[in-house]
Amino acid sequence: MDQISLCIMTRELCHQLYQGWENDPAIYMDMSLFSPYRYDKDKVDRYFDAKQGPDRVLFAILKDGVPVGELHLKGIDRQKKECTLSIHMQNDGVKGRGYGTQAERLALRYAFDVLGMEAVNADTVHKNIRSQHILEKLGFAHIRDEGDFRYYRYQRESARTPGP
């Protein structure tokens, strides 16, 4: 399997990522909201700027030094020791190859070992079966459905309740 890595997203990497971006109609719950993606330098700059802050970390998912997706650890709550994971892959050419799974494993390690989190949350639209499968494969527990979303939680090993 090809190896991927995570690095802190830079403006340059963000532009590289979005120059090859394709919106995925398979995950839109409301297809009236879907439209093909068109790269716009100013919009990418605004997006990058909006994703900076003390309560989040934005990573580029790299394969051979080239961005193929992005991963966010957001809503970082240092008192509760939890955050939310969000991942987006660039296009169908990089989906289904295990890159997202590898990236999520690396992000969990970062959340626990670097940020000191005890739990990582995630959500996915009901339609995104692929993402649900990955979360469950990694050990996220499905905690509830609400509206168009399924919610998941991964407890750090040391914070998990011992079984019977």
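## Briefing: pocket, rings and cysteines

Helix 4 gives the most to the lining of the largest pocket, contributing seven residues. The model is predicted. A search of the whole structure turns up zero disulfides. The count of aromatic pairs comes to seven.

**The largest pocket**

- The volume of the largest pocket is about 1100 Å³.
- Its lining is made up of 42 residues.
- Nearest the centre of the largest pocket lie Ile-27, Ile-87, His-88, Met-89 and Asn-128.
- Several elements give two or more residues to this lining: the helices are helix 2 (41–50), helix 3 (99–113) and helix 4 (129–138), and the strands are strand 3 (66–77), strand 4 (82–89) and strand 5 (119–125).
- By residue type, the lining divides into 18 nonpolar, twelve polar and twelve charged residues.
- As background, a probe the size of a water molecule, rolled over the atoms, shows where empty space is left.

- Why do Cys-7 and Cys-14 form no disulfide? The nearest cysteine sulfur to that of Cys-7 belongs to Cys-14, and it is 11 Å away. A disulfide needs the two sulfur atoms within 2.5 Å, so Cys-7 is in none.
- Cys-14 is likewise in no disulfide, with the sulfur of Cys-7 as the nearest cysteine sulfur, 11 Å away.
- Cys-7 is partly exposed, at a relative accessible area of 24%.
- Cys-14 counts as buried, because its relative accessibility is 0% and the cut-off for buried is under 20%.

**Tyr-18 with Tyr-47**

- Two numbers describe a pair of aromatic rings: the distance of the centres and the angle of the planes.
- The ring centres of Tyr-18 and Tyr-47 are 5.4 Å apart. Their planes stand at 65°, so this pair is edge-to-face.
- Tyr-18 belongs to helix 1 (residues 11–19), while Tyr-47 belongs to helix 2. The pair therefore ties together parts that are 29 residues apart in sequence.
- Is Tyr-18 buried or exposed? Tyr-18 is buried, with a relative accessible area of 9%.
- Tyr-47 counts as partly exposed, at 23% relative accessibility.
- Ring pairs also build a cluster here, linking Tyr-18, Trp-21, Tyr-37 and Tyr-47.

**Phe-59 with Tyr-110**

- Phe-59 and Tyr-110 form another edge-to-face aromatic pair. The separation is 5.0 Å centre to centre, with 85° between the planes.
- Which elements does this pair connect? Phe-59 lies in strand 2 (residues 56–63) and Tyr-110 in helix 3, so the pair ties together parts that are 51 residues apart in sequence.
- Phe-59 counts as buried, at 4% relative accessibility.
- Tyr-110 is partly exposed, with a relative accessible area of 24%.

**A charge over a ring**

- Arg-144 lies over the face of Tyr-151.
- The distance from Arg-144 to the ring centre is 4.1 Å.

**Gln-155**

- Gln-155 has its place in strand 7 (residues 149–155).
- Gln-155 is partly exposed, with a relative accessible area of 24%.
- How far apart are Gln-155 and Met-117 in sequence and in space? They are 38 residues apart in sequence. In space, they are 9.0 Å apart, C-alpha to C-alpha.

Definitions and conventions: Residues are numbered from 1 along each chain as its sequence is written. This is a predicted model: local features need pLDDT of at least 70, side-chain atom pairs count only at pLDDT 80 or more; totals for chains, interfaces and linings use all residues. Side-chain values use heavy atoms; hydrogens and water are left out. On a 1 Å grid over the protein atoms alone, a cavity is a set of points where a 1.4 Å probe fits but cannot get out, and a pocket is an open set with protein on both sides within 12 Å along at least five of seven lines; lining residues have an atom within 4 Å of a point. Grid points are joined across faces, edges and corners, and a volume is the space filled by probe spheres set on the points. Helices (H or I, at least four residues) and strands (E, at least two) are DSSP runs, numbered from the N terminus. Ala, Val, Leu, Ile, Met, Phe, Trp, Tyr, Cys and Pro count as nonpolar, Asp, Glu, Lys and Arg as charged, and the others, Gly among them, as polar. Buried means under 20% relative accessible area, exposed over 50%, partly exposed in between (1.4 Å probe, protein chains only). Rings of Phe, Tyr and Trp (its six-membered ring) pair if their centres lie within 6.5 Å; planes under 30 degrees apart count as stacked, over 60 as edge-to-face and the rest as tilted. A charge sits over a ring if NZ of Lys or CZ of Arg is within 6 Å of the ring centre and within 35 degrees of the ring normal.
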